[in-house]
Amino acid sequence: MLSMLQYVANGIVFSSIIILGAIGLSLVYAIGNFANFAHGDLMTVGAFGAIIGGSFLTGYVPGTEVSIVGIPLSFYLAVLVGMVVATVVALATERLVYRPMDATPIQLLIASIGVALAYRGAIQLRYGAESRTFDVGRGGPIPIIRETIGVSVTQRHLVIVSLTVVLVVSLHVLLQYTTLGRKMRATADNPTLARVSGIRTSEVITAMWIIGAALAAAGGAFLGLDTLVYPDMGFDVLLVLFAAVILGGIGSVYGAVAGGLAIGMAHELTPLIPRVGAEYGPAVAFIIMVAILLVRPSGIMGDRQ
Amino acid sequence: MTAGTDVGERADASGDHALVVEGVDSGYGDVQILHDLSMHLEAGEIVCLIGPNGAGKSTVLKTVFGLLTPWSGSVRLDGAEIAGTPPEDLVRRGVGYVPQIENVFSSLTVDENLRMGGVARESGLEARIEELYGQFSILEEKRGAKARTLSGGQRQVLAFARAMVMEPDVLLIDEPSAGLAPSIVEEVFENVEAVNELGTSIVMVEQNAREGLAISDRGYVLDQGTVRFEGSAEELLDDSEVADLYLGG
């Protein structure tokens with residue numbers, strides 16, 4: 001039996017991945033005004049962008065074998081490549097599909113299901129259905145942590161959690177203290193008044209897709225680093241992302257962080273419940289979501305009636 | 001209906017007109033609200049639009065400000081056609097608009113609301129915001145508070161100040177007194193007059209017709225999407241027919 005702390009450590013790692021996906025999903029809902037069912041598959045696009053793009057880097061860029069926290073530099077560069085790829089794909093989708101449709105939120109939701117299938121199909125067509133792993137070496141548990149508190153934490157886990165913290169804090173600073181961030185919050189709050197004030201909302205929507213897609217790509221690459229990269233990986237976590245976003249208060253970035261933490265933890269702490277196996281993680285996460293929504297129907301951070 | 005004798009003059013004198021709306025049809029979706037509506041605003045004026053609910057007063061402002069595109073007719077700003085120009089561009093051409101409802105960003109602070117009002121300013125934003133704080137001390141006191149925590153009157157002041165960050169030449173105000181206590185209404189109207197004296201021409205929609213006309217130079221009485229009466233504010237206040245039909249006797 002693993003210790004309680006071990007499950008908490010696992011929960012923090014999984015929560016980090018969910019938070020990165022959930023933020024983008026919530027941003028698209030707040031500013032783009034629809035529930036984007038392609039967001040999970042955008043994580044897959046980012047993960048494939050990282051693993052395929054990264055493999056090119058290793059061959060052509062010298063010095064990528066240098067390690068940072070036990071992970072080669074090539075991985076960090078690969079994550080950046082994945083972020084760029086996902087951003088380009090998301091912006092192209094917005095220009096070619098969502099914007100020309102000029103449609104209602106429900107129509108956009110349905111279109112996004114088609115977009116999700118297209119992303120997944122295209123990836124599978126080109127790269128096949130098999131699983132891949134990031135080539136970052138074996139890297140077992142860090143001995144000192146294992147010896148002192150009896151929890152096995154790998155260097156991969158440390159990298160995932162610390163980069164997530166960096167990304168979330170950067171987003172917080174952007175939203176609170178920059179003009180772009182204020183424009184994003186203003187547009188989410190009241191899009192008509194934003195235009196009336198002179199905000200060019202199409203620029204805000206572009207920024208929203210760049211941020212959402214880049215974070216999704218990081219989440220996808222981290223999920224791939226923690227487990228495997230395969231065409232269904234993003235779709236498999238999509239419902240968990242929705243649970244996190246709804247629990248946190250749909251449309252709230254801070255709610256997505258809180259909801260992601262709660263759902264990610266519930267997911268990983270499930271084996272602590274007697275007679276319930278880890279395979280029930282998603283079910284327990286959803287039960288917790290329903291229970292919290294019964295008490296707070298607008299979610300943890302939601303303030304809309 | 002006022003005789004159309006001044007139509008020729010209007011065309012000749014269009015240099016003096018800050019804003020001209022001519023023969024405009026407009027509405028929402030398939031529903032037509034405005035029928036061949038014409039009005040104008042001269043530089044330096046306050047013009048008040050009055051009339052019953054559903055007369056199309058707010059629709060006039062939304063059509064001028066590009067939130068609706070006129071189906072036909074012309075809207076001109078200083079002689080240049082602006083029909084259908086989006087709001088974010090009109091802001092940069094010296095037009096401001098204060099909506100009647102949802103006119104502040106409720107999840108943003110007072111200070112952030114004012115900053116959003118000035119996104120199109122090229123320079124002098126900080127100085128302008130400080131100037132507005134000097135003018136509206138209640139906003140200075142509440143600068144760090146979320147707009148949703150403000151009272152109705154404070155919110156109206158913030159909505160007004162947000163539009164004033166740009167120092168517009170033409171300001172469109174939709175029912176500034178809606179839902180406010182009489183003492184606060186007086187204060188709001190004083191603010192409108194003060195801004196006008198500093199050189200902003202104003203079109204104001206007002207449900208409180210008598211009070212609105214009292215601070216205005218001219219007025220238009222709208223009914224069923226078109227202008228029924230127009231004239232100087234005194235004329236409209238003295239006209240027995242207007243009084244009977246639209247000013248509550």
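The contact I will start with takes 13 residues from chain A and 20 residues from chain B; two residues are in contact if their C-beta atoms, placed from the backbone, lie within 7 Å. This is a predicted model, in which local features need pLDDT of at least 70, side-chain atom pairs count only at pLDDT 80 or more, and totals for chains, interfaces and linings use all residues. Residues are numbered from 1 along each chain as its sequence is written, while chains are lettered from A and ligands numbered from 1 in the order in which they are written.

Helices (H or I, at least four residues) and strands (E, at least two) are DSSP runs, numbered from the N terminus.

Now the sheet in chain B. An open sheet of 6 strands runs in the order β6-β7-β8-β3-β9-β10, with mixed pairing; two strands pair if DSSP finds at least two bridges between them. Why is one side of β6 (95-98) and of β10 (226-232) of chain B left without a neighbour in the sheet? Because each stands at an edge with a single partner strand.

Strands β3 (residues 46-50) and β9 (residues 218-223) of chain B pair in the parallel sense, over 4 bridges. Cys48(B) is found opposite Gly219(B) in β9(B).

Last, a helix. Helix α7 (residues 152-164) of chain B lies across β6 and β7 (170-174) of chain B, at about 165° to β6(B). Axes are lines fitted to C-alpha atoms, for helices over the stretch in contact, and angles run from 0 to 180 degrees between N-to-C directions.
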